[in-house]
Amino acid sequence: MDLGIAGRVALVTAASSGLGRAIALALAAEGVRVAVTGRDEGRLQDTVQACREQGVEAVGIIWDLAEYGRAGEVVDRVVAELGPVDVLVNNTGGPPPTPALGQDSDLWQDMYASMVLPVIGLTDAVVGGMRERGWGRIITSTSSGPISPIPNLGVSNTLRASLHSWSKTVAGEVAADGVTVNVIVPGKIATPRVESLDRARAERQGTSLSEVQEQGRASIPVGRYGDPAEYGAVAAFLASRQAAYVTGSVVRVDGGQIPSV
């Protein structure tokens, strides 16, 4: 299927590895010119090179999302090097595993600054141009926690839930202008983040990583962890011409794991 987005410009944050990298590569494979951000220059350049190998222009921008005040500057650079942003993929790292109760207010503020404020800032910086051009895609990658809270991920569950409500609100504000706004939710996808969470769980339970991963697979109806490329493919579809009637939605890529309807 031709997704009809060749030649568009996408900005994907936190794309030096994991889900962000997978989304950037999926978009590049569709002919999208891609700008990616990350904190590790070496890994970020690996992503840039992998995108270029798909035959598209790609640029990398070093950015710690906690410096949320740089959102406008980052967008300006993308516009200067590639053109106006047509597809924005808001992807952020996650906080350390903790209960919801008893966390220092500094942790809540720091995580809000790196997980929520850059998403809002980037969207504000690009959505005006999308509305003027009558076309745009805003995709925010979160977690299954806002749907079915994950034990010991209290901060993540809470802050990512705020992005679900924000995304739904924005979707209604821009739908008539040809801009779609959706959330994409991963289940257990085989990324470094998921492995680190599995390791933390193994330590809490006093068991091995392999045992925790076997428990994880047993909880997933399809019986395995997802491939990052499978997640990237769904994000690419949400960015497509064909997905113009999909907005205000939360799309799960979880192998059937999330228990709620």
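Of the 261 residues of the chain, 48% count as buried, a term that stands for under 20% relative accessible area, whereas exposed means over 50% and partly exposed lies in between, with a 1.4 Å probe and protein chains only. The model is predicted, so local features need pLDDT of at least 70 and side-chain atom pairs count only at pLDDT 80 or more, while totals for chains, interfaces and linings use all residues. Residues are numbered from 1 along each chain as its sequence is written, and side-chain values use heavy atoms, with hydrogens and water left out.

The chain contains nine helices and seven strands; helices (H or I, at least four residues) and strands (E, at least two) are DSSP runs, numbered from the N terminus. Its radius of gyration is 18 Å, close to the 18 Å that the globule rule gives for 261 residues, so the chain is as compact as a globular protein of that length. That radius is taken over C-alpha atoms, and the rule is 2.2 Å times the number of residues to the power 0.38. The C-alpha trace spans about 55 × 40 × 40 Å along its principal axes. Among contacts (heavy atoms within 4.5 Å) with a separation of 6 or more, 71% are between residues 24 or more positions apart.

The interior comes next. In soluble globular proteins, nonpolar side chains tend to be buried together. A nonpolar core is here a set of buried Ala, Val, Leu, Ile, Met, Phe, Trp, Tyr and Cys residues joined through side-chain atoms within 4.5 Å. The largest such core has 33 residues, of which L11, V78, V85, L88, L122, M130 and V181 touch the most other members. At least two residues of this core come from each of β1 (9-12), β3 (58-62), α3 (71-81), α4 (105-115), α5 (117-133), α6 (154-174) and β6 (179-186). The largest share, seven residues, is supplied by α6. Another core, of 31 residues, lies apart from it and includes A24, L27, V34 and A58. When neighbours within four places in sequence are left aside, L122 is in contact with L11, T13, W63, A71, V75, L88 and N90.

Helix α4 can be followed from its start. D104 caps the N-terminal end of α4, with a side-chain oxygen 2.7 Å from the backbone nitrogen of D106. Within this helix L107, M111, A113, S114 and M115 are buried, and the buried residues of α4 pack against α5 and α6.

In the loop between β4 (87-91) and α4 stands T92, which counts as buried because its relative accessibility is 9%. The side chains of T92 and R160 are joined by a polar contact of 3.3 Å; such a contact is a pair of N or O atoms within 3.5 Å, where within protein one must be able to donate a hydrogen and the other to accept it, and residues adjacent in sequence count only if both atoms are side-chain atoms. Leaving aside neighbours within four places in sequence, T92 is in contact with A14, L65, S114, M115, V119 and R160.

A14 itself lies in the loop between β1 and α1 (18-29). Its phi is near 50°, a positive value in a residue other than glycine, and at 23% relative accessibility A14 counts as partly exposed.

Finally, R8 lies over the face of W135, at 3.8 Å from the ring centre, and R137 lies over the face of W135 at 4.1 Å.  A charge sits over a ring if NZ of Lys or CZ of Arg is within 6 Å of the ring centre and within 35 degrees of the ring normal.
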